[in-house]
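Please keep the sequence and the structure in view while reading.

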Amino acid sequence: MVGAGVGGLGSALALARAGHRVTLVERDQVSMPATPHAAFDEWRRRGAPQTRHSHAFLARLRNTLRDRNPGVLTALLEAGATEIDFLHHPPPGLDPLEPEPADADLVGLACRRTTFEWVLRRSALAVPAVTLLPGSVEGLVATTGPGGIPQVTGVGLAGGRVLPADVVVDAGGRRSPLPAWLETLGTATVPESVEDTGIVYSSRFYRMLAEGDDPAEHGLVVGDLGYLKYAVFPGDNGTLSITYGVHADDREMRRVLHPGPFTEVAANIPALRRWVEPGRCQAISDVEVMAGLVNRLRHFVVAGLPVATGIYAVGDSSVCTNPVYGRGCALALVHAELLADTLAATGDDPVQAAVAFAEATRIEIEPWYGAAVAQDRHDRAAVHDDDDCGGVDMGSLMRHGLLPAARHDPAVFRAFMRTFNLLDAPDAMMRDPKVVLAVMAAWQDRASRRPLPRLGPDRAELLHRLAGAA
Ligand SMILES: Cc1cc2nc3c(=O)[nH]c(=O)nc-3n(C[C@H](O)[C@H](O)[C@H](O)COP(=O)(O)OP(=O)(O)OC[C@H]3O[C@@H](n4cnc5c(N)ncnc54)[C@H](O)[C@@H]3O)c2cc1C
């Protein structure tokens, strides 16, 4: 396993459960701090810098653990993670929802990413068949397999050591150079679709000073001012984080991603103000910033044949999506389980296994790449939307139909939450006649709807206030 991030650890757990012996090779620090707080303070994760950013752990992830690794879910709760019921706080225009049996699935997890990974790593290392080896994978080793297709037989480590393996899994994350490694084996080019998310993501973590203050009790705090997206993430053990996403080409707004302006922005947004009031929280991190974020999809089977056998890409190395949607860890864990299921079903035939895994990826994971790219495009279009209520395009339907309908129609709200949490396919809502009717009705009403209260200052106003506060 190349990498012991979420996809690597998830794959290790799934494959060990299926009877494989797994060696995780990880080039970042592999120490095991004693507590979640120590993991947050001590871990330096250059290979996965997003570890120090806010993470939402969606219901699909929590359910995958519940169904496949219940011990990990229990350990997370014991380590201070909490379960978040996504229907518990309906929008202000909705009465409490009549419970339905499937609602038990609409529960996610609140914790810091470091806590999540700390528990996942402890759980994987408690399995006798799993070993963690510090080191950096520098490339693949292969022989020529049936049909002339390169068959990967191991990895080359920094320092020249070769680690042989029946199967190599690349879980090296969004920066994985797997296509280049494959090409040095003489494989066909790995087709790749890449689309820039156009955002810069920033996060800051806080420890709550007041006893009993729980951000989860305030419902989902997520907003979009057009020029800045924001969210509050409840953490574990009395922590929370605030995150902003700004347009990468908005140089002035990028300047707010420093401690002073970061806090000042929060003080100017009503939904965030509470958490930066004096005496309520203490910052426990710098303002972390990540740019260069892309949506990316790679194909390892071309014209029905794998570019190589014995090698599988799991998680971000295969499909990575805009972090704003909070899907990556859920997708990585689902992908890990798909790999274990595929290998169990296809036995010793490496070509069949590669083709079957590509097909499982196409069905279960790829649609979320398409959804992220489409949503990003709608978002970019919305910046120039003058709300003139022109023709029906998907972006307009989302903004003026789906979102308002979700605020007052329980069926639409539930359907929206199920898709948001990856429990239903991205297009499921628009295949449900009840939802489509409600969305179209809301869209028809768009001209007569009263505008929503402002979530915060407009861009010029905010920049003016920041200049005044400087
Ligand atoms: C800013 C940001 C915020 C995010 N927020 C969310 C969120 O809210 N919810 C969510 O679900 N997802 C979120 N994600 C996505 C999520 O973090 C990733 O999808 C997830 O970490 C993917 O897991 P992975 O195992 O593929 O990669 P990673 O977790 O990145 O792990 C890759 C690992 O491989 C190691 N590695 C790489 N190359 C080598 C090598 N050659 N040799 C040895 N080791 C190597 C790295 O050191 C690293 O530990 C976010 C991402 C970003 C960038």
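The model discussed here is a predicted one. According to the domain assignment, the protein chain holds domain 1 (1-195 + 293-384), domain 2 (199-291) and domain 3 (388-470). The centres of domain 1 and domain 3, taken over C-alpha atoms, are separated by 30 Å, and the contact between these two domains involves 21 residues of domain 1 and 16 residues of domain 3. On the side of domain 1 that touches domain 3, helix H3 (59-68) and helix H12 (366-383) are the elements that give two or more residues, and H12 provides the largest share, with six residues. Sorted by class, this side of domain 1 comprises 15 nonpolar, three polar and three charged residues.

Helix H3 also takes part in a packing arrangement with helix H4 (residues 70-78), in which the axes lie 5 Å apart and the angle is about 120 degrees. Angles from 65 to 115 degrees count as roughly perpendicular and those over 145 as roughly antiparallel; H3 and H4 are therefore oblique to each other. The residues that meet are Arg62, Leu65 and Arg66 from H3 and Pro70, Val72 and Leu73 from H4, so that by class the contact of H3 with H4 has four nonpolar and two charged residues, with no polar ones.

Two open sheets can be described next. One of them has three strands in the order S5-S6-S7, paired in antiparallel fashion, with strand S5 (137-144) and strand S7 (162-164) as the edge strands, each pairing on one side only. On average, and with direction ignored, neighbouring strands of this sheet are turned by 40 degrees against each other. The other open sheet likewise consists of three strands, here in the order S9-S16-S20, and its pairing is antiparallel. Strand S9 (192-196) and strand S20 (319-320) each have a single partner strand, so one side of each is left without a neighbour in the sheet.

Which residues come nearest to the ligand? Of the 35 residues around the ligand, they are Gly3, Gly5, Gly47, Gly315 and Gly328. Helix H1 (6-17), strand S1 (22-26) and helix H10 (328-346) each supply at least two residues of this shell, and H10 gives the most, with four residues. By class, the shell around the ligand contains 15 nonpolar, 15 polar and five charged residues.

Terms used:
Residues are numbered from 1 along each chain as its sequence is written. This is a predicted model: local features need pLDDT of at least 70, side-chain atom pairs count only at pLDDT 80 or more; totals for chains, interfaces and linings use all residues. A residue is near a molecule or strand if its C-beta atom, placed from the backbone, lies within 6 Å of it. Ala, Val, Leu, Ile, Met, Phe, Trp, Tyr, Cys and Pro count as nonpolar, Asp, Glu, Lys and Arg as charged, and the others, Gly among them, as polar. Two strands pair if DSSP finds at least two bridges between them. Axes are lines fitted to C-alpha atoms, for helices over the stretch in contact, and angles run from 0 to 180 degrees between N-to-C directions. Domain bounds come from an automatic or database domain assignment. Two residues are in contact if their C-beta atoms, placed from the backbone, lie within 7 Å. Angles under 35 degrees count as roughly parallel, over 145 as roughly antiparallel, 65 to 115 as roughly perpendicular and the rest as oblique.
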